[in-house]
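Have the viewer open as you read.

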Amino acid sequence: MMNFHILTLFPEMVMQGLHTSILGRAVEREHISIEAVNIRDYTLDKHGKVDDYTYGGGAGMLMQAQPVFDAWQAVADGIAARGASPGRVIYVTPQGKTFHQKMAQELAAEEDLIFLCGHYEGIDERVLEEIVTDEVSIGDYVLTGGELPAMVMIDAIARLVPGVLHNTDSAVTESFYDGLLEYPQYSRPEVWHDRRVPPILLSGDHAKVDAWRLEQSILRTKERRPDLYEVYCNKNL
Ligand code: ADE
């Protein structure tokens, strides 16, 4: 059982997206839990304000330290009450390390993960210094907030939690084709718009099918991702 906690100003956005399809089923079956905590619920400002202008001037508003810290404290207290070790706090930001599959595997071994989503121009640096353990980006482009990146990471991590995917086969196939792109796949009918399914896939010869798929994976990787192909070649020298 893995528990995801998301500190955000837009809880409905992440809850909607993460309770659908495979992750929704994983929540129902209690392989994972997903809790969104509304940072605004923790502000001490009587008008519900959570942001303010930046010292030194410049564009936009900054999320203030107090509501972020108190929202985190509430989650951390809940984890401590269960007797679990304190969860890593992942601040989702374009300034972080770029997320990748190995990082997903490492994080999937944790019991609790806390995602901190910024909005507007970011968050007061002082609260980041106090609570954040990891800063992670999902790629070199800028989004309006951390909610979509947090959802991307949670999806990638959750599918690695035992029981979330039905067939452990998916994970096995992935490790066999580690670092390669997927081979092309076909379903019925055998002919569609004059295009035939590759005959070898209809042969019933599993060894031949496996060999063909590996060859296709290698070809695709070579053509489309020469960077990954080079890593694969060096690994299989
Ligand atoms: N917030 C805004 N853009 C982001 C990105 N690319 N990755 C993570 N967090 C972000």
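## Pocket lining

Strand E5 (88–98), helix H5 (125–131) and strand E7 (134–137) each give at least two residues to the lining of the second largest pocket. E5 supplies the largest share, five residues. Helices (H or I, at least four residues) and strands (E, at least two) are DSSP runs numbered from the N terminus. This is a predicted model, in which local features need pLDDT of at least 70 and side-chain atom pairs count only at pLDDT 80 or more, while totals for chains, interfaces and linings use all residues. Residues are numbered from 1 along each chain as its sequence is written, and side-chain values use heavy atoms, with hydrogens and water left out.

The pocket's volume is about 490 Å³. Of its 25 lining residues, Tyr91, Val92, Thr93, Pro94 and Gln95 are the closest to the centre. A pocket here is an open set of points on a 1 Å grid over the protein atoms alone, where a 1.4 Å probe fits, with protein on both sides within 12 Å along at least five of seven lines; lining residues have an atom within 4 Å of a point. The volume is the space filled by probe spheres set on the points, which are joined across faces, edges and corners.

## Helix H6

Among the buried residues are Glu147, Pro149, Met151 and Ile154.

## Domains

The domain assignment, automatic or from a database, gives domain 1 (2–158) and domain 2 (173–235). Their C-alpha centres lie 37 Å apart.

Key. Buried means under 20% relative accessible area, exposed over 50%, partly exposed in between (1.4 Å probe, protein chains only).
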